[in-house]
Amino acid sequence: MIAALVPLVSALALGAEGAGQPSVSDVVFEHVTDSRVIEIQSPFSKDVLLEWHLPSWPVQIAGHTVDLGPTKHVVFMWLSGLVLILFAWLAMRARGKSLVPKGIANVIEMVVLFVRDEIALKTMDEHTAEAYMPYLLTAFFFIVFSAGVGLFPWTATSVGNLAVTGTLALLTFVLMQFAGLSHQGLGYFVHLVPSGVPILLWPLMFVIELLGMFTKTFALCIRLFANMIAGHIVIFFVLGLIFLIGSPLVAVASVPFAVGLYLLEIIIILIQAYIFTMLSALFIGMSAHAH
Amino acid sequence: MLSVIFAADLMAVQPGLVLWTVVTFVVLLVVLSKVAWKPILHLVEEREKTIHGAIEGARKDREAASALLEEQRALLATARKDSAEAVRKALADAEVARQDLVAKSRKEAEDLLARARQQIEEDKAKAQAELRGVVVDLAIEVAAKVLGDHLADATRQRALYEQYVNDLPRERRAG
């Protein structure tokens with residue numbers, strides 16, 4: 001755990017040294033934002049052991065130039081995806097066709113059962129739950145693994161990026177609309193307004209509910225983003241205090257505190273993955289069933 | 001602080017990243033559905049069905065067993081009653097048979113006795129008759145010897161003696 005923090009400390013030390021060097025906050029934000037360069041810095045010196053400049057793929061879309069080149073977050077998102085697929089594959093291989101799970105298959109099955117029984121079946125009917133289970137499970141594991149990969153040294157947290165969480169929220173939004181339209185047809189828009197609303201208030205309520213649909217999605221995106229990035233920023237600044245105050249004695253307090261926050265982050269990742277999945281299921285379920 | 005956050009591109013949304021997230025997520029969704037979610041959910045369902053079936057089967061078996069036990073118990077009670085009945089009946093039959101046998105043998109014995117008595121009676125009567133004849137003959141013979149030819153009219157004499165002898169026991173019995 002301490003080892004995981006060493007590269008951060010050295011990076012901060014680098015940032016704190018001398019004039020013309022970047023400030024502590026510059027270093028901190030450089031570590032949590034996306035970039036075109038992947039650096040692996042030596043934990044004991046200022047040397048950069050490996051520097052990988054990612055390619056740029058400019059593409060013309062509707063008159064605008066959009067760079068589709070992979071960034072640091074894209075690379076670590078792919079890495080976490082590969083780790084996830086490997087994990088799932090190993091779990092399924094360990095299990096085989098047996099009805100009783102073995103080894104890591106237990107872990108994956110526990111989560112699958114939790115998502116099914118505590119999330120999907122509590123928010124939707126059985127048939128709908130079955131249809132949306134793959135999405136909910138993939139969202140849960142995607143968040144856990146991409147944030148989990150971000151906990152290791154020299155990596156980046158891809159879900160600590162507004163574009164990524166926004167895309168996840170957008171997928172939930174699309175599924176909300178799809179669930180509403182496929183279960184209720186165009187009546188979905190009529191049923192946005194709860195039944196029993198006085199006819200005079202109906203237009204107002206319709207607008208409010210329509211806005212609510214977007215705010216729900218927006219909240220989903222911001223909540224995940226803020227939670228994923230906040231822990232990292234706080235850990236960095238707690239360690240950064242050593243250099244901001246300029247005394248090695250601060251390390252006595254800030255390093256254990258950073259380790260505690262690091263452990264807290266593991267819990268936050270699981271909780272936020274649960275919350276995102278739970279709310280997605282809830283919103284999809286609410287769209288699918290008229291209220 | 002807020003300016004720092006915006007200056008650091010923290011809130012920036014790059015279209016490329018959106019596209020790659022969609023692509024990555026969809027690929028993960030497809031691959032994991034095939035590799036993990038579908039098989040796991042299928043196995044879980046199958047296991048639930050198996051467990052449900054096993055519980056249901058156990059319940060049915062238990063019910064069948066208890067029904068069978070009840071049946072056996074009833075059967076046992078019937079058998080016990082039947083056997084007791086049979087023993088009782090056999091005892092009664094034996095008693096009846098014994099009594100029949102005893103009565104029959106008693107009757108037979110009595111019959112035998114009666115027949116024997118009758119025989120004796122008949123024999124006695126015969127013997128008496130014979131004896132009487134012999135006695136009369138003897139008496140006539142003796143008398144003839146004593147009286148010689150005095151008793152010429154033998155037939156008439158004989159009738160006389162016979163009458164006398166016949167009267168004799170009657171008087172005795174009466175005496």
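## A nonpolar core and a chain contact

The largest nonpolar core has 75 residues, and those with the most contacts inside it are Ala120(A), Tyr132(A), Leu136(A), Phe140(A), Ile143(A) and Ile284(A). Here, a nonpolar core is a set of buried Ala, Val, Leu, Ile, Met, Phe, Trp, Tyr and Cys residues joined through C-beta atoms within 7 Å. A residue is buried if 20 or more other C-beta atoms lie within 10 Å of its own, exposed if 12 or fewer, and partly exposed in between, with C-beta atoms placed from the backbone. At least two residues of this core come from each of α2, α3, α4, α5, α6, α8 (202-246) and α9 (250-288) of chain A, and likewise from α2 (15-147) of chain B. The top contributor is α5(A), with 15 residues. Helices (H or I, at least four residues) and strands (E, at least two) are DSSP runs, numbered from the N terminus.

Please keep in mind that this is a predicted model: local features need pLDDT of at least 70, side-chain atom pairs count only at pLDDT 80 or more, and totals for chains, interfaces and linings use all residues. Residues are numbered from 1 along each chain as its sequence is written, while chains are lettered from A and ligands numbered from 1 in the order in which they are written.

How confident is the predictor about chain A? pLDDT is the predictor's confidence in each residue, from 0 to 100. Chain A averages 86, and 92% of its residues score at least 70.

| Element of chain A | Mean pLDDT |
|---|---|
| α1(A), lowest | 59 |
| α5(A), highest | 94 |

Ile143(A) is worth a visit in your viewer. Leaving aside neighbours within four places in sequence, Ile143(A) is in contact (C-beta atoms, placed from the backbone, within 7 Å) with Val159(A), Gln272(A), Ala273(A) and Phe276(A).

Now to the two chains. Their contact takes 40 residues from chain A and 33 residues from chain B. On the side of chain A that touches chain B, α3(A) gives the most, with eleven residues. By class, that side has 27 nonpolar, ten polar and three charged residues. Ala, Val, Leu, Ile, Met, Phe, Trp, Tyr, Cys and Pro count as nonpolar, Asp, Glu, Lys and Arg as charged, and the others, Gly among them, as polar.

As for chain A overall, it has nine helices and four strands. Of its 291 residues, 38% count as buried.

Methods: Two residues are in contact if their C-beta atoms, placed from the backbone, lie within 7 Å.
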